[in-house]
Each structure stands twice: as structure tokens, then as C-alpha cells.
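Please consult the sequence and the structure shown here while reading.

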Amino acid sequence: MTSSLLRSRALLMSPRLMTRYFIKPGQRPVFATTIHTSPEHNASGSGLLPSTHWNAERLVTVGLIGIIPAAFFVPHPAMDYALAASLVIHGHWGIEQVVTDYVHGETLPKVANAALFAVSALTFAGLSYFNYNDVGLTKAVLMLWSSTT
């Protein structure tokens with residue numbers, strides 16, 4: 001009983017069956033017309049190609065897996081700067097995708113992207129200032145972890 005019920009559901013869910021019995025010859029399936037692609041301005045030639053940008057995002061993300069522990073095991077100002085740059089660009093690209101997906105209109109995406117660039121630049125400048133004039137990023141995190149309340 002159960003196996004025949006599962007088989008009948010599998011047949012009903014089969015794309016081949018759906019195409020054969022529910023779509024008239026010459027008619028396009030409804031689901032094929034509802035696929036949305038990225039806006040055309042992403043492929044205009046400015047910036048990185050989408051595939052190159054995706055690879056760079058993955059490279060930074062995987063690089064963070066190594067940079068974060070390395071910054072704590074090999075404390076050095078160069079590691080602090082590498083960590084700061086990686087964290088800022090990782091956050092910038094992540095929020096940029098949120099802006100691309102959820103901010104619509106003519107001028108609002110431009111304003112949101114300009115604000116994002118400003119915040120990212122100020123964040124990196126602040127982290128660089130902290131690395132140069134204070135104890136550094138990793139040392140500050142270690143000091144936070146070791147403090148007792």
C-alpha cells in the first residue's frame with residue numbers, strides 16, 4: 001500500500017509526466033517563464049565578471065579559514081593587516097549582495113552602494129589605524145578573551 005502510494009506520487013511529480021499531459025504542444029511551460037536572472041548592469045563590463053567575482057569571493061572566504069587562526073598563532077603586524085583587509089572585503093561583498101538583491105529603483109541602489117563603499121573604506125581605515133597606533137587586531141581580541149569580569 002505504502003510503496004504504491006509513493007510510486008503514484010513519484011509519477012505525479014515527474015517532469016516528463018507533467019510535460020506530456022498538462023502542457024499543450026507548442027505552449028511554453030509556466031515555470032520556464034518565471035526564472036529571473038541578474039540585472040543587465042552586472043554584465044556591462046564594469047568590475048569583475050560574475051564568475052571571476054564569485055571565485056574571488058570563495059577564495060577570500062576560504063582564505064579567512066586559514067588567516068584567522070594564523071593571526072593568533074603567528075602574531076605579527078602583517079597578519080593583523082591581512083586579517084583586517086580580508087574581514088572588510090568579505091563583509092563588503094556580503095552586504096553588496098544584500099544591496100543588489102533587496103535595494104531597487106533608479107537612485108537608491110547607487111546611494112546604497114556609495115554608502116557601502118564609504119563604510120567599508122572607513123572600516124578598513126579604522127582597523128589600519130588601530131593596528132598601527134594600538135596593540136593590533138589579534139592582540140585586542142586576545143585581551144578581550146582574557147579579561148575577567
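Helices α5 and α6 run roughly antiparallel to each other, because angles over 145 degrees receive that name. Their packing angle is about 165° and their axes lie 10 Å apart, where axes are lines fitted to C-alpha atoms over the stretch in contact and angles run from 0 to 180 degrees between N-to-C directions. The crossing of α5 past α6 is right-handed. On the α5 side, the contact (heavy atoms within 4.5 Å) includes D80, Y81, A84 and V88; on the α6 side, P109, A112, L116 and F117 are among the residues involved. By class, 13 nonpolar, 6 polar and 2 charged residues form this contact.

The model is predicted: local features need pLDDT of at least 70, side-chain atom pairs count only at pLDDT 80 or more, and totals for chains, interfaces and linings use all residues. Residues are numbered from 1 along each chain as its sequence is written, and side-chain values use heavy atoms, leaving out hydrogens and water.

Helix α5 itself covers residues 77-102, helices being DSSP runs (H or I) of at least four residues. Its 26 residues should span 38 Å at 1.5 Å a residue, and the end C-alpha atoms are 37 Å apart, which agrees; the expected span is 1.5 Å times one less than the number of residues.

Leaving aside residues up to four places away in sequence, S86 touches V60, L64 and I67.

Definitions and conventions. Helices (H or I, at least four residues) and strands (E, at least two) are DSSP runs, numbered from the N terminus. Angles under 35 degrees count as roughly parallel, over 145 as roughly antiparallel, 65 to 115 as roughly perpendicular and the rest as oblique. A crossing is left-handed if the near helix is turned anticlockwise from the far one by less than a right angle, and right-handed if clockwise. Ala, Val, Leu, Ile, Met, Phe, Trp, Tyr, Cys and Pro count as nonpolar, Asp, Glu, Lys and Arg as charged, and the others, Gly among them, as polar.
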